[in-house]
Amino acid sequence: MIVSYPAGGSTDTVARLFAAKLSQVTGQPVVVDNKPGAATNIGSNIVANAKPDGYTVLFGGGTPTLNTVFGPAPSFDPIDDFQPVSVIARVPFVIATRTDSAFATVQDMISKSRATPGKYTISSAQLSLYVELMKHRAQAPLLHVPYKGGAQATNDVIGGQIDTVFSLVPVVLGYLQSERLTALAVTSKERNPALPSVPALQELGVDLDLSVWFGLLVPANTPAHIVQVLGDATRRVVQDDTFSNKLADIGAQAAFSSPAQLTEQMKQESQQWNQLAESIPQLRQATKQR
C-alpha cells in the first residue's frame with residue numbers, strides 16, 4: 001500500500017491503522033510503503049503505472065486532483081488512471097491559537113484582521129490553497145506563513161511568533177487537549193466529535209465546508225471482482241468499532257463509499273477547484289508557496 005506522504009504524519013498514521021485492520025480482515029499482509037515527493041505525485045504515479053492485479057494499492061486523497069489545477073502537474077490523470085475503491089476517512093482542519101491570544105473567538109480573529117490587514121499571522125504546513133480559501137470566504141486578511149512541517153508551524157504559535165495555526169485536527173489535537181492551544185473553529189460542515197465544544201465556521205456565518213479525505217484507489221483496468229473484494233474488505237474495516245474509535249481519538253472520522261460514489265466525488269472536486277482557481281486569483285498565487 002503506497003502512501004504518498006512521509007512516515008509519522010497524520011496521513012501515515014491513518015494509513016497504518018487502516019493497513020493493520022485490512023490485514024486482519026483479508027488474512028493477507030499489507031505492507032505500507034511511504035513514497036513522498038512532488039506534492040504526492042511520486043507515490044500516486046507508482047500506483048497509476050502498477051500492474052492492475054490488486055496487489056499494489058494507493059492510500060490517497062484529493063491532492064492529485066488539486067495538482068492538475070495548481071501544479072505540480074502529474075504525469076498521470078487522477079481520474080482516468082485510477083479505479084477508486086472507497087473513501088476510508090475524512091479529516092477537517094482546525095484554526096487554533098495560543099491560550100493568551102488576542103483572539104478569544106474566531107469572530108475576534110476575523111474582525112481584528114479586517115481592521116488591520118496583514119498584521120495578524122496564520123501558519124500552516126504548506127496548506128496554502130486551503131488557507132487562502134478560508135481567508136477569502138471569511139474575508140479575513142491574515143498574513144499566511146507557510147512552514148515545511150506541522151510541528152514547527154504549531155510550536156511558533158505556542159511560542160508567540162505566529163498568531164494562529166491552520167492545521168488538520170490530528171496534528172494539533174494533543175496541544176488542544178493539553179490546553180497549550182485553544183481551538184477557534186473547525187472547517188467541516190458540522191462540529192468534530194473530538195472537539196465537540198468548538199464551532200464549525202458555517203455556524204458562524206462563513207460559507208466553508210473543507211475537509212480532506214483518505215481513500216483506497218487501484219490502477220485503472222483492475223478487474224471488477226478484485227475491486228469488489230477490496231471494497232468489501234474496506235467496508236468491514238471502516239465499520240469496525242475498534243478502527244472507527246481509533247480514528248475518532250485522533251480527530252478523524254471513518255467513512256465508506258462505493259467506487260462510483262468516489263469517482264463522482266473526484267470529478268466534482270476537479271470541477272470545483274477549476275472554478276475556484278478562475279474566480280479567486282489568490283489561489284493561483286498560493287501555488288507558489290506549495
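Biologist: Does Thr97 count as buried or exposed, and at what relative accessibility?

Modeller: This is a predicted model, in which local features need pLDDT of at least 70 and side-chain atom pairs count only at pLDDT 80 or more, while totals for chains, interfaces and linings use all residues. Residues are numbered from 1 along each chain as its sequence is written, and side-chain values use heavy atoms, with hydrogens and water left out. Buried means under 20% relative accessible area and exposed over 50%, with partly exposed in between (1.4 Å probe, protein chains only), so Thr97 counts as buried, at 1%.

Biologist: Which residue has its backbone oxygen 2.7 Å from a polar atom of the Thr97 side chain?

Modeller: Thr97 is placed in strand S4 (residues 82–98), strands being DSSP runs of E with at least two residues and helices runs of H or I with at least four, numbered from the N terminus. Leaving aside residues up to four places away in sequence, Thr97 touches, among others, Val157, Asp163 and Leu181, where contact means heavy atoms within 4.5 Å. The backbone oxygen at 2.7 Å belongs to Asp163.

Biologist: How are the rings of Phe70 and Trp273 arranged?

Modeller: Rings of Phe, Tyr and Trp (its six-membered ring) pair if their centres lie within 6.5 Å, and planes under 30 degrees apart count as stacked, over 60 as edge-to-face and the rest as tilted. A search of the whole structure finds 9 aromatic pairs. For Phe70 and Trp273 the centres are 5.8 Å apart and the planes at 85°, so the pair is edge-to-face.

Conventions:
A polar contact is a pair of N or O atoms within 3.5 Å; within protein, one must be able to donate a hydrogen and the other to accept it, and residues adjacent in sequence count only if both atoms are side-chain atoms.
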